[in-house]
Amino acid sequence: MNIPMIYALLGITLFSVGLYGLIVREHLLRKILALNIMGSGIFLVLVALGKRSVGDLPDPVPHAMVITGIVVAVSATALALTLMLKLVEVSGSAVLHDAPKERS
Amino acid sequence: MIDFFSILLLLAGALFFLAGTVGLLRFPDLYTRLHALTKADNVGLGLMIAGLALQAESLSAAGKLVLIWGLVLLAGASVAYLIARGALLRGVLPWKR
Amino acid sequence: MEAIDIALGLFDLLLVFLLLWLAWLVMSSEDLFKAIVLFVAFGLLMALVWVRLEAPDIALAEAAIGAGLTGALLMAALDRLNAVKPMPAAAVVTSAKREQPSLPSKVLPLVALVLIVLGLGYALLSLPDVADGLVPNVKEQMAQSGVKNPVTAVLLNFRGYDTLLEMVVLLLALLSVWSLGGVRKLSPRNTNPVLASLCRVLVPVLILVSCYLLWVGADAPGGAFQAGSVLGAAGVLLLLSGWHVEQKILLWPLRFILVLGSGVFIIIAAVLFFTQGGLLTYPVAQAGWLILLLESAATLSIGATLAALFFGGIPKSRVDQ
């Protein structure tokens with residue numbers, strides 16, 4: 001068990017903790033936080049696996065992917081937060097409710 | 001000799017960080033905690049930076065380290081003031097014995 | 001095993017433990033404000049992890065975005081949330097009379113969580129210990145890339161079209177926020193002389209740091225994304241300290257900067273497509289300055305887009321109002 005592998009395992013655990021929060025917690029802001037934590041976990045797995053190369057340098061391709069991923073994640077977060085605020089303005093609640101039966 | 005001074009400075013810095021953290025955990029209210037954190041951490045970071053600057057490869061690398069310290073001092077002091085002011089405006093009362 | 005290795009190993013374990021604990025607290029703490037603060041701490045520790053994984057480029061991006069901008073966005077959203085409905089978030093959840101979750105609905109997600117960790121963990125551990133991935137390909141092509149930092153070479157040269165599309169994604173995110181009608185202004189706060197003077201000192205320094213990161217990205221950790229995030233952070237700081245911009249400036253110049261990154265990318269891609277016969281295949285001699293040109297445009301666009309995403313409102317012309 002080497003150090004990168006420990007971080008890769010941390011990555012999948014963070015992903016699962018985020019997934020758990022995404023399912024269990026109701027407030028949409030919490031769900032957005034959960035998605036961010038899941039993203040961090042995925043990035044961690046990518047980079048940790050890129051560190052398995054024999055040379056002196058880790059694989060730069062996952063690094064580049066993760067950097068773009070972080071920037072995409074922050075813009076997606078901003079969009080999600082705006083959608084949440086719009087929902088609160090319309091419905092008065094930051095929690096998703098099941099659609100009424102007769103409509104669906 | 002340089003290594004010895006570096007270790008000495010780093011250890012002294014760590015001591016200040018430890019003191020600040022103990023203050024953060026043990027002090028009774030927001031204002032005293034802020035006081036402990038900002039003061040102790042600013043000095044602690046300064047000592048750490050001095051210790052690391054002794055090990056720097058070039059003068060410009062040491063300069064960058066000192067620049068970081070300056071920025072942290074500036075940001076730390078201002079943010080501590082803003083937090084304390086925000087708390088006062090919200091009506092958080094200072095602790096009294 | 002030397003002493004330094006043992007110390008670093010202990011540090012790694014401490015970091016792993018802290019990150020797991022923080023992630024759990026972010027998910028489980030009742031107070032949303034607390035959860036956001038803990039998430040910022042989580043982002044800072046993630047930056048440390050990137051350093052430990054020898055990924056300083058990511059560490060820079062994470063420190064600027066994961067620990068800085070995302071936190072600012074979340075805090076601003078919480079502020080707006082409280083402005084929309086004054087009652088605390090926790091009260092809404094309890095007041096909306098929902099049936100107590102049954103035992104299976106509490107336990108099943110936990111069981112699923114454990115199964116996912118076990119399954120993915122098994123998959124990870126069954127991977128070969130050594131895999132070179134794309135390292136040989138990158139090494140082989142580095143001489144032709146025009147830069148010395150392999151991450152920049154991948155981002156702007158080998159997989160330049162990824163970055164091109166990413167600039168478009170950023171722009172799309174901002175356009176979506178605007179097309180939703182934007183968000184309301186942050187609750188008014190009296191401007192503060194200390195914050196204002198902090199801004200006066202920090203913003204020029206941040207702009208300088210941004211230029212430095214952009215320039216140094218060619219042969220050391222840094223580059224357009226890190227520089228753009230720092231620029232975005234400077235914008236957020238200005239907006240927080242009550243900085244006012246003339247509507248005139250906001251209209252066309254802002255929009256021009258927002259599309260500059262994708263625009264320059266597309267123009268260069270199109271020119272290269274017709275002259276070199278491939279999308280974003282740089283001629284070796286010109287690769288260096290073409291990448292610098294692309295990165296400069298991208299830095300401005302990323303910075304402006306991130307600050308505009310934080311602001312959230314749509315700049316309107318006088319005619320529209």
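Predicted model: local features only at pLDDT ≥ 70, side-chain atom pairs only at ≥ 80, totals over all residues.
Residues are numbered from 1 along each chain as its sequence is written, chains are lettered from A and ligands numbered from 1 in the order in which they are written. Local features need pLDDT of at least 70 and side-chain atom pairs count only at pLDDT 80 or more, while totals for chains, interfaces and linings use all residues.

Me: How many helices and strands does the secondary structure of chain C come to?
Reply: Helices (H or I, at least four residues) and strands (E, at least two) are DSSP runs, numbered from the N terminus. Along the sequence, the pattern of chain C reads α-α-α-α-α-α-α-α-α-α-α-α. The count is 12 helices and 0 strands.

Me: What percentage of the residues of chain C count as buried?
Reply: A residue is buried if 20 or more other C-beta atoms lie within 10 Å of its own, exposed if 12 or fewer, and partly exposed in between, with C-beta atoms placed from the backbone. Chain C has 321 residues, and the buried share is 36%.

Me: Which chains have the most contacts between them?
Reply: Two residues are in contact if their C-beta atoms, placed from the backbone, lie within 7 Å. No contact joins chain A and chain B, whose closest C-alpha atoms are 21 Å apart. Of the 2 pairs of chains that touch, the one with the most contacts is chains A and C.

Me: Which helix of chain C gives the most to the side that touches chain A?
Reply: In this contact, 70 residues of chain C meet 69 residues of chain A. The chain C side has 52 nonpolar, 7 polar and 11 charged residues. (Ala, Val, Leu, Ile, Met, Phe, Trp, Tyr, Cys and Pro count as nonpolar, Asp, Glu, Lys and Arg as charged, and the others, Gly among them, as polar.) With 14 residues, the helix that gives the most is H3 (residues 56–84) of chain C.

Me: At what angle do helix H3 of chain A and helix H7 of chain C pack?
Reply: Axes are lines fitted to C-alpha atoms, for helices over the stretch in contact, and angles run from 0 to 180 degrees between N-to-C directions. Residues of H3(A), including Val61(A) and Ile67(A), meet residues of H7(C), including Val151(C) and Leu155(C). By class, this contact has 8 nonpolar, 1 polar and no charged residues. The axes of H3 (residues 60–91) of chain A and H7 (residues 150–158) of chain C are 8 Å apart, and the angle is about 60°.

Me: Where does H9(C) bend?
Reply: The bend at a residue is the angle between axes fitted to the seven residues ending there and the seven starting there. Helix H9 (residues 193–216) of chain C has 24 residues and reaches 34 Å from its first C-alpha to its last. The bend is about 25°, a proline, Pro204(C), follows within four residues, and the residue at the bend is Leu202(C).

Me: Which helix of chain B is included in what covers the buried residues of H9(C)?
Reply: The buried residues of H9(C) include Leu198(C), Leu202(C) and Leu206(C). Their cover includes H10 (224–240) and H12 (287–311) of chain C, together with, from chain B, helix H3 (59–89).

Me: Is Leu208(C) buried or exposed?
Reply: Leu208(C) is placed in helix H9 of chain C. Because Leu208(C) has 12 C-beta neighbours inside 10 Å, it counts as exposed.

Me: How many residues does the contact take from chain B and from chain C?
Reply: On the side of chain B that touches chain C, 4 residues are nonpolar, 1 is polar and none is charged. The contact takes 5 residues from chain B and, from chain C, 6 residues.

Me: What is phi of Glu54(C) near?
Reply: Glu54(C) is in the loop between helix H2 (32–52) and H3 of chain C. Most residues other than glycine have a negative phi. Glu54(C), a residue other than glycine, has a positive phi, near 55°.

Notes: Expected span 1.5 Å × (residues − 1).
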